[in-house]
Amino acid sequence: MPDNLYLQLVAVFAPLSLLSIGGGQSIVADINQQAVAIHGWVSQQEFVDLFAISRAAPGPGALLTTLIGWKVAGWLGALVASVALFVPSSLLAYVAAVAWSRHNRHPWHAVAERGLAPIATGLILASSFSVLRAASSTWIIWGLALVALGVFIARPKMNPLIVLFGAGLVNVAAGRIF
Amino acid sequence: MHTQSAAKKNAQWVPLVQIIMLFARVGLTSFGGGVSAWIYREVVTERGWLKDEEFLGALTLGQVLPGSNVINVSIYVGYRMRGMVGSVAAVAALLVPPMVVIVLFASVFHRFTQYDVVHRLLEGMAAAAIGMTASVGLRTAKAAIAKQRWPLLMISAVFVAVGVLRWPLVPVAIVAGAMGLLISARTRADA
């Protein structure tokens, strides 16, 4: 294992980048193992805190890696860890995007898109359902999710931030009342 | 050659600054997760840069490739709008602003979470984000079954397998994808 902290970050996160099949969630357990048990970069409690922040903050959940890099070696560590995690899989996705769009005049391309689109829809619905199940399932959380669903169906072009902050404030108020 | 095919389905030419603004905004405001639902809303519903089926096809491919499917679909959208420069712009705009924010956020974390208010605010926002993700799911489901009926069966099967039974996502997506391609090849869209 190299002594240089930056090289260590690259050595941990670059391979995980290509192993993160199915999204960032599939490698959280590995990141935990590497950062806490193997390298001792953060304590288990710190890891849990960083994971919670990466969930709460906006943006892709994969920013957990940015936070660990920052804990290890400051802003440059954050940059190095992020580049190591995002670049290898992104290069692959770029090659796939080029290959996929190259033949988009062919009739089979439209056939393929029509065949693959329902999978994405099923996965979107599945993800909202499993996140809801994993959330602290009080009636207010389910209620807020349902009301937001109704609002977004009735007004698809409404600014989501208004609905999100509204739901947050209702949940704060509910915490005061009950 | 690439730019030619990239410009094929979308005659419109999107300024780079618009791509950057869109992805930076999504990166900074997508509280509570469901980032691909945000990108769908912006790219398909609001601006019509890509057609529903093209976006969802790319999203499915992004799921079975390594890496975050949010980033993979951003690479695709950027590429279709402006080629390689568009891909780099989309991903950088999506990632860099929230990276800066999240580190600043982590620096003040301990003072921050002592307040129950913050926890409840984020929890309520995440609940609404679930509702938004579900609305995108229902909207795309409605579009899918407008022309043909078989996608409803496929959507339900994937939902039950991954959402209810919690089967692993990648094998389900590969098997369902192969079946989807087969059925799609044997049916006519506008029959």
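Biologist: At what angle do the axes of helix 8 of chain B and helix 9 of chain B cross?

Modeller: They cross at roughly 170 degrees, and the two axes come within 10 Å. Keep in mind that this is a predicted model.

Biologist: Why is helix 8 of chain B called roughly antiparallel to helix 9 of chain B?

Modeller: Angles over 145 degrees count as roughly antiparallel. The crossing here is roughly 170 degrees, which makes helix 8 of chain B roughly antiparallel to helix 9 of chain B.

Biologist: Which residues make that contact?

Modeller: Helix 8 of chain B brings B:Trp150, B:Met154, B:Ala157, B:Val158, B:Ala161 and B:Val162. From helix 9 of chain B come B:Leu169, B:Val172, B:Ala176, B:Gly180 and B:Ile183. By class they split into ten nonpolar, one polar and no charged.

Biologist: Where is B:Arg166 found?

Modeller: B:Arg166 sits in the loop between helix 8 and helix 9 of chain B. Its phi is near 60 degrees, a positive value in a residue other than glycine.

Biologist: Why does B:Arg166 count as exposed?

Modeller: Count its C-beta neighbours inside 10 Å: there are 11. The cut-off for exposed is 12 or fewer, so B:Arg166 counts as exposed.

Biologist: What makes B:Ser30 count as buried?

Modeller: B:Ser30 is also a loop residue, this time between helix 2 and helix 3 of chain B. It has 26 C-beta neighbours inside 10 Å. Buried takes 20 or more, so B:Ser30 counts as buried.

Biologist: Which residues is B:Ser30 in contact with, leaving aside its neighbours within four places in sequence?

Modeller: They come from both chains: A:Pro58 and A:Gly59, plus B:Val35 and B:Trp38. And although B:Pro98 is 68 residues away from B:Ser30 along the chain, their C-alpha atoms are separated by 9.7 Å.

Biologist: How do you know whether A:Leu9 is buried or exposed?

Modeller: A:Leu9 lies in helix 1 (residues 5-19) of chain A and has 30 other C-beta atoms within 10 Å. With 20 or more needed, A:Leu9 is buried. A:Leu9 touches A:Gly69, A:Val72, A:Gly77, A:Val80, A:Ala81 and A:Ala84, not counting residues up to four places away in sequence. For A:Ala84, 75 residues apart from A:Leu9 along the chain, the C-alpha separation is 7.6 Å.

Biologist: Why is A:Val111 called partly exposed?

Modeller: A:Val111, in helix 5 (residues 107-134) of chain A, has 19 C-beta neighbours inside 10 Å. Leaving aside its neighbours within four places in sequence, A:Val111 is in contact with B:Ser184 and B:Ala185.

Biologist: How many residues of each chain are in contact across the two chains?

Modeller: 92 residues of chain B are in contact with 83 residues of chain A. Helix 7 of chain B supplies the largest share of the chain B side, 25 residues. That side has 55 nonpolar, 27 polar and ten charged residues.

Biologist: Which residues touch the most other members of the largest nonpolar core?

Modeller: A:Ala148, B:Ala128 and B:Val158, out of 111 residues in that core. The largest share of the core, 18 residues, comes from helix 5 of chain B. A:Ala148 touches residues including A:Val163, A:Ala167, B:Ala127 and B:Ala128.

Biologist: What makes up the secondary structure of chain B?

Modeller: Nine helices and zero strands. Buried residues make up 52% of its 191 residues.

Biologist: How do you know where confidence in chain B is lowest?

Modeller: Compare the mean pLDDT values: helix 1 of chain B is lowest at 44, while helix 2 of chain B is highest at 95. Over residues 1-8 of chain B, pLDDT stays under 50. Where pLDDT is low, the predicted coordinates should not be read in detail. Chain B as a whole has a mean of 87, and chain A averages 89. For the complex, the predictor gives an ipTM of 0.88 and a pTM of 0.87.

How values were computed: Residues are numbered from 1 along each chain as its sequence is written. Chains are lettered from A and ligands numbered from 1 in the order in which they are written. This is a predicted model: local features need pLDDT of at least 70, side-chain atom pairs count only at pLDDT 80 or more; totals for chains, interfaces and linings use all residues. Two residues are in contact if their C-beta atoms, placed from the backbone, lie within 7 Å. Helices (H or I, at least four residues) and strands (E, at least two) are DSSP runs, numbered from the N terminus. Ala, Val, Leu, Ile, Met, Phe, Trp, Tyr, Cys and Pro count as nonpolar, Asp, Glu, Lys and Arg as charged, and the others, Gly among them, as polar. A nonpolar core is a set of buried Ala, Val, Leu, Ile, Met, Phe, Trp, Tyr and Cys residues joined through C-beta atoms within 7 Å. Axes are lines fitted to C-alpha atoms, for helices over the stretch in contact, and angles run from 0 to 180 degrees between N-to-C directions. Angles under 35 degrees count as roughly parallel, over 145 as roughly antiparallel, 65 to 115 as roughly perpendicular and the rest as oblique. pLDDT is the predictor's confidence in each residue, from 0 to 100.
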